[in-house]
Amino acid sequence: MLSEAASPTLSDGHAVDRFVQIGSLTKVVTGTALTRMAASGVLSLDDPLDRWLPTAPRTGITLLHLARHTSGLPRLPPGRLPRRDPYAAFDRAALDRLLPRIDTLLTCLPGRAEEYSNLGYAVLGAALSAASRMTYAELVTEYVLRPLNITEITANPDPPSVCWLRGFLAGPASRGRWMARSFPQEVCGPRTAGDMVVRLLVERRLGDPAPSW
């Protein structure tokens, strides 16, 4: 557990030689990559989305709106999504098809209200990839994982080596679900899930937590 008033504590847990999913901690990783790229001059937090993803129309959405869940985009991509794995079919190709009409999905004007959005973070991950001219995995390694000395991480673990926690998939990892959280390496390696939380959010080795935190 993490708390402002007490030291971190750990209960239960998992086998340390198994891979675990890090879920929406991926959004903090994405937000950290965003702020570090801004500090390096690669982009600006206030860059409009259409600067980096030109197929998207001018909506007024900025990268910071996406990071803060104030873009006006809904929680999930449109269409009927399977309950067992709602992101299985939402890969990069599906996102690219969606971008030209992303203005039709807005539930309010950007900056007006907060709505937790997995879709927004998929879009943000794509924008960071375009700005850095790297794959998402490469830019996260460059700006977050390597500075934290996190190495045991993979998107393609052998299914028997995965510890599926709290209702996550009971079978092999579906690569489609990574994109919706904008982090292809959502399955984290042995021991490193806890290491990432401590180094990123408790010790704050890369500075203050990202806007997503």
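**Reading a predicted chain, feature by feature**

User: Where does Leu-76 lie?

Analyst: Leu-76 sits in the loop that runs between helix H3 (63-67) and helix H4 (92-98). Note at the outset that the model is predicted.

User: How many helices and strands does the chain have, and in what order do the elements run?

Analyst: There are eight helices and three strands. Reading from the N terminus, the order is β-α-α-α-α-α-α-β-α-β-α. Of the 213 residues in the chain, 48% are buried. As for contacts between residues at least 6 apart in sequence, 77% of them join residues at least 24 apart.

User: What confidence does the predictor give the chain?

Analyst: The general idea comes first. Where pLDDT is low, the predicted coordinates should not be read in detail. Here the mean pLDDT of the chain is 78, and 69% of the residues reach 70 or more. The pLDDT is below 50 over residues 164-186, a stretch that has 78 contacts in the model beyond near neighbours in sequence.

User: Why can the length of helix H1 be said to agree with expectation?

Analyst: Helix H1 covers residues 25-39, which is 15 residues; at 1.5 Å a residue it should span 21 Å, and its end C-alpha atoms are 21 Å apart, so the two agree.

User: Is H1 mostly covered or mostly open, and which of its residues are buried?

Analyst: The general idea concerns the turn of the helix. An α-helix has 3.6 residues a turn, so residues three or four places apart point the same way. In this structure H1 is mostly covered, with eleven of its 15 residues buried. The buried set consists of Leu-25, Thr-26, Lys-27, Val-28, Val-29, Thr-30, Gly-31, Thr-32, Ala-33, Leu-34 and Met-37.

User: What does Val-28 touch?

Analyst: Val-28 belongs to helix H1. Its relative accessible area is 5%, so it is buried. Setting aside neighbours within four places in sequence, Val-28 is in contact with Leu-200, Leu-201, Ala-210, Ser-212 and Trp-213. The C-alpha atoms of Val-28 and Ser-212 are separated by 5.3 Å, although these residues are 184 apart along the chain.

User: What does Leu-34 touch?

Analyst: Leu-34 is also a residue of H1, and with a relative accessible area of 0% it is buried. Beyond its neighbours within four places in sequence, Leu-34 is in contact with Leu-43, Leu-45, Leu-63, Ala-67 and Leu-128. For Leu-34 and Leu-63, 29 residues apart along the chain, the C-alpha separation is 8.2 Å.

User: How many cavities of 30 Å³ or more does the structure hold?

Analyst: A search of the whole structure finds one. The largest cavity has a volume of about 50 Å³. Its lining consists of Thr-32, Thr-35, Leu-200, Leu-206, Gly-207, Asp-208, Pro-209 and Ala-210. By class, these are four nonpolar, three polar and one charged residues.

User: What is the phi of His-69, and what is the phi of Asn-149?

Analyst: Again the general idea first. Most residues other than glycine have a negative phi. His-69 has a positive phi near 60°, and Asn-149, also not a glycine, has a positive phi of about 60°.

User: Where are these two placed, and is each buried or exposed?

Analyst: His-69 is in the loop between H3 and H4; its relative accessible area of 9% means that it is buried. Asn-149 is in the loop between helix H6 (136-148) and strand S2 (162-163). At a relative accessible area of 55%, Asn-149 is exposed.

How values were computed:
Residues are numbered from 1 along each chain as its sequence is written. This is a predicted model: local features need pLDDT of at least 70, side-chain atom pairs count only at pLDDT 80 or more; totals for chains, interfaces and linings use all residues. Side-chain values use heavy atoms; hydrogens and water are left out. Helices (H or I, at least four residues) and strands (E, at least two) are DSSP runs, numbered from the N terminus. The expected span of a helix is 1.5 Å times one less than its number of residues. Buried means under 20% relative accessible area, exposed over 50%, partly exposed in between (1.4 Å probe, protein chains only). On a 1 Å grid over the protein atoms alone, a cavity is a set of points where a 1.4 Å probe fits but cannot get out, and a pocket is an open set with protein on both sides within 12 Å along at least five of seven lines; lining residues have an atom within 4 Å of a point. Grid points are joined across faces, edges and corners, and a volume is the space filled by probe spheres set on the points. Ala, Val, Leu, Ile, Met, Phe, Trp, Tyr, Cys and Pro count as nonpolar, Asp, Glu, Lys and Arg as charged, and the others, Gly among them, as polar. pLDDT is the predictor's confidence in each residue, from 0 to 100. Contact means heavy atoms within 4.5 Å.
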